[in-house]
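Q: Please take a close look at a single part, the pocket, and go through the elements that surround it. I would like one connected account, with the residues named where they matter.

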Amino acid sequence: MIRTFREKDLFAIMQIWLDTNIKVHSFIPKDYWTDNYAMVENLLPQAEIYVYEDDDTKQIDAFIGLTDNYIEGIFVREASQSRGIGKQLLNYVKQIKSSMRLSVYQKNTRAITFYQREQFVICSENIDDSTNEKEFNMTWSK
């Protein structure tokens with residue numbers, strides 16, 4: 001089930017955020033993620049967040065965070081990946097938004113493939129100032 005974020009979800013989604021970023025972005029030092037944990041934890045409740053909660057266990061398996069039409073990220077618990085949950089979250093927000101944009105690290109080829117399969121188009125590239133990693137800027141519209 002996809003639902004709106006509740007304050008009590010914060011610990012669970014922060015754990016998913018940290019674990020996923022460390023694993024998926026192995027090309028960025030782990031300290032980058034742990035050093036930014038508190039900042040993200042403070043900013044996250046201000047974003048538009050939808051969580052995927054398992055109907056049986058009531059465990060949060062994934063979430064998507066947005067600021068206006070910008071996708072801050074889709075994060076899926078490792079044990080729940082490759083089950084279509086990220087696609088479900090993205091389809092959910094596609095019903096709400098008429099266009100969206102995001103940035104994705106060029107080394108995160110799995111994410112790039114996912115977004116391209118979901119009709120996102122690479123429109124530019126740049127370097128993320130905080131990590132010095134190359135990124136693609138991608139857009140989608142109805």
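A: A pocket, in the sense used here, is an open set of grid points with protein on both sides within 12 Å along at least five of seven lines, and its volume is the space filled by probe spheres set on those points. In this predicted model, the largest pocket holds about 1400 Å³ of space. Its lining is made up of 49 residues, and those closest to the centre are Asn-21, Glu-72, Gly-73, Ile-74 and Phe-75. Two or more residues of the lining come from each of α1 (10-24), α2 (30-43), β3, β4, α3, β5 and α4 (109-117), with the largest share, seven residues, given by β4.

The strands in that list belong to an open sheet of seven strands with mixed pairing, arranged in the order β1-β2-β3-β4-β5-β7-β6. At its edges are β1 (2-4) and β6 (121-127), each of which pairs on one side only, and the average twist from one strand to the next is 30 degrees.

Seven of its eight residues are buried, so β3 is largely enclosed by the rest of the structure. On one side, β3 (residues 60-67) pairs with β2 (residues 48-53) in the antiparallel sense over six bridges; there Ile-49 has Gly-65 of β3 as its bridge partner, and Val-51 stands opposite Phe-63. The hairpin of β2 and β3 has six residues between the strands, and Lys-58 in that hairpin takes a positive phi near 65 degrees.

The pairing of β3 with β4 is likewise antiparallel, over six bridges, and it sets Ile-64 opposite Ile-74 in β4. Ile-74 is also one of the residues closest to the centre of the largest pocket, so that this residue ties the account of the sheet to that of the pocket. Two residues separate β3 from β4 in their hairpin, and Asp-68 in the turn has a positive phi of about 55 degrees, a value found here in a residue other than glycine. Asp-68 is exposed, because its relative accessible area of 62% is over the 50% cut-off.

The length of α3 can be checked against its residue count: at 1.5 Å a residue, its 12 residues should span 16 Å, and because the end C-alpha atoms are 17 Å apart, the two values agree.

Conventions: Residues are numbered from 1 along each chain as its sequence is written. This is a predicted model: local features need pLDDT of at least 70, side-chain atom pairs count only at pLDDT 80 or more; totals for chains, interfaces and linings use all residues. Side-chain values use heavy atoms; hydrogens and water are left out. Two strands pair if DSSP finds at least two bridges between them. Helices (H or I, at least four residues) and strands (E, at least two) are DSSP runs, numbered from the N terminus. Axes are lines fitted to C-alpha atoms, for helices over the stretch in contact, and angles run from 0 to 180 degrees between N-to-C directions. The expected span of a helix is 1.5 Å times one less than its number of residues. On a 1 Å grid over the protein atoms alone, a cavity is a set of points where a 1.4 Å probe fits but cannot get out, and a pocket is an open set with protein on both sides within 12 Å along at least five of seven lines; lining residues have an atom within 4 Å of a point. Buried means under 20% relative accessible area, exposed over 50%, partly exposed in between (1.4 Å probe, protein chains only).
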